[in-house]
Amino acid sequence: MTVSELNAEVRSCVERQFASVWVEGEIVNFTAHGSGHWYFSLNDGSAQIKVVCFKGSNYRIRFKPQNGIAVRVRGRLSVYEPRGEYQLVVESLEPSGEGALRLAYEQIKAKLEGEGLFDVALKRPIPFFPRRVAVITSPTGAAYHDIHNVLTRRAKSVSILLIPATVQGEGAADSIRRAVINVNIYNRTLAPMQKIDVLIVGRGGGSAEDLWAFNDELLARSLRSSEIPVISAVGHEIDWTISDLVADLRAATPSAAAEMVARREDEIDGALEAREAQLSSLMEYKMLVADTRMNDAIGDLKTHFAASVQRATTRVSNISSRLTPATLTAKTTAIGNLLGMIDQRRTSAMDRSMNLKWEALKLQMATLDALSPLGVLTRGYSITQTADGRVLRDAGDAKAGDKLKIRLERGKLNAEVLSSE
């Protein structure tokens with residue numbers, strides 16, 4: 001066999017025997033090549049193995065590897081035939097251990113925070129009274145059962161839609177992200193009254209590695225772009241993930257998320273009960289006040305009625321004493337005398353008024369008669385008018401042949417001008 005043939009045979013055997021392996025170790029001699037490939041070694045303190053992560057795979061890795069951090073690698077063993085060296089070809093790489101997880105978390109957090117994905121201005125309010133809630137979590141985990149128990153106990157009007165997803169281990173982040181995308185697509189097909197009001201994404205507690213899927217960068221971007229307001233409910237109260245930072249609202253636990261959704265219905269029920277008690281107390285008070293006022297009014301009416309009856313009785317007695325036959329006869333005689341005197345005065349006043357008016361009228365008639373233009377006719381004068389009725393005052397205004405009308409004291413003459421002087 002040639003060396004090339006031997007290396008090819010070894011490569012074939014190694015790749016068949018170790019087609020998929022998980023390896024943990026510390027990164028050493030990390031190099032990011034200009035081609036986009038990553039080269040490093042994994043060291044466990046006693047031995048090391050060369051690792052290559054090709055460009056086509058490293059874009060799926062959500063953090064930048066660094067020397068000194070512990071990682072968990074899934075890949076396949078292969079042999080680089082030109083040098084006869086075997087190496088691990090990376091297909092998936094995750095941080096392992098508190099230090100590595102913290103470093104990867106801070107890297108992703110800094111990147112998304114720099115892009116403004118955590119900005120408070122982007123966070124949408126949760127609807128005041130959610131009617132339909134979608135839950136993305138494991139169908140077999142405690143988180144869904146906690147959410148279901150709280151909502152069915154405290155919010156009977158809320159319906160729950162479970163969107164199953166893998167929440168731990170390899171592929172969990174992609175499973176959750178696909179669930180977020182799919183539930184938004186589904187929500188667009190629903191009628192307005194059937195729309196999903198709130199989306200709860202989360203799981204129960206666990207180690208930092210168990211919760212790592214919720215620190216995924218692509219998942220964070222899908223949560224931020226969700227059309228449905230998102231409540232992140234991951235782990236316990238002390239656990240903070242990238243999903244918590246990017247969601248519209250963070251709940252300390254899945255149960256707390258359900259409490260937030262159910263709170264409004266509880267508050268409304270409590271407020272209605274309090275108002276019912278207030279209304280009952282107010283009605284009792286109003287009825288007591290009305291009863292008191294009615295009794296007072298009845299007492300006042302009785303008092304006023306008795307007083308009115310007494311006054312009426314007194315007035316009747318006074319009137320009766322004044323209306324005796326002798327009194328009525330005297331009053332009738334006095335009134336008759338008064339009416340006769342008034343009638344006499346009226347007749348005298350009318351006579352005087354008529355005499356005064358007649359004298360004034362005769363005076364005015366004499367004055368009018370003296371001023372009347374017809375009065376001069378009785379003294380031998382006449383009024384000459386042209387044919388069109390104008391009074392003729394100047395002989396020069398008439399010429400021979402003009403027709404004239406001459407008015408005398410009695411009658412009129414029609415004349416024709418022969419000449420004028």
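Two strands pair if DSSP finds at least two bridges between them. Strands (E, at least two residues) and helices (H or I, at least four) are DSSP runs, numbered from the N terminus. The model is predicted: local features need pLDDT of at least 70, side-chain atom pairs count only at pLDDT 80 or more, and totals for chains, interfaces and linings use all residues. Residues are numbered from 1 along each chain as its sequence is written, and side-chain values use heavy atoms, with hydrogens and water left out.

Strand S9 (residues 230-234) pairs with S10 in the parallel sense, over three bridges. Ala233 stands opposite Ala251 in S10. Both strands belong to an open sheet of five, with the order S7-S6-S8-S9-S10 and parallel pairing. Strand S7 (159-164) and strand S10 (249-251) stand at the edges; each has a single partner strand, so one side of each lacks a neighbour in the sheet. Helix H5 packs on the sheet and touches strand S6 (132-137), S7 and strand S8 (198-203). Contact means heavy atoms within 4.5 Å.

The largest pocket holds about 560 Å³ of space. A pocket is an open set of points on a 1 Å grid over the protein atoms alone, where a 1.4 Å probe fits, with protein on both sides within 12 Å along at least five of seven lines; lining residues have an atom within 4 Å of a point. Volume is the space filled by probe spheres set on the points, which are joined across faces, edges and corners. S5 gives the most to the lining of the largest pocket, with five residues.

Conventions: Axes are lines fitted to C-alpha atoms, for helices over the stretch in contact, and angles run from 0 to 180 degrees between N-to-C directions.
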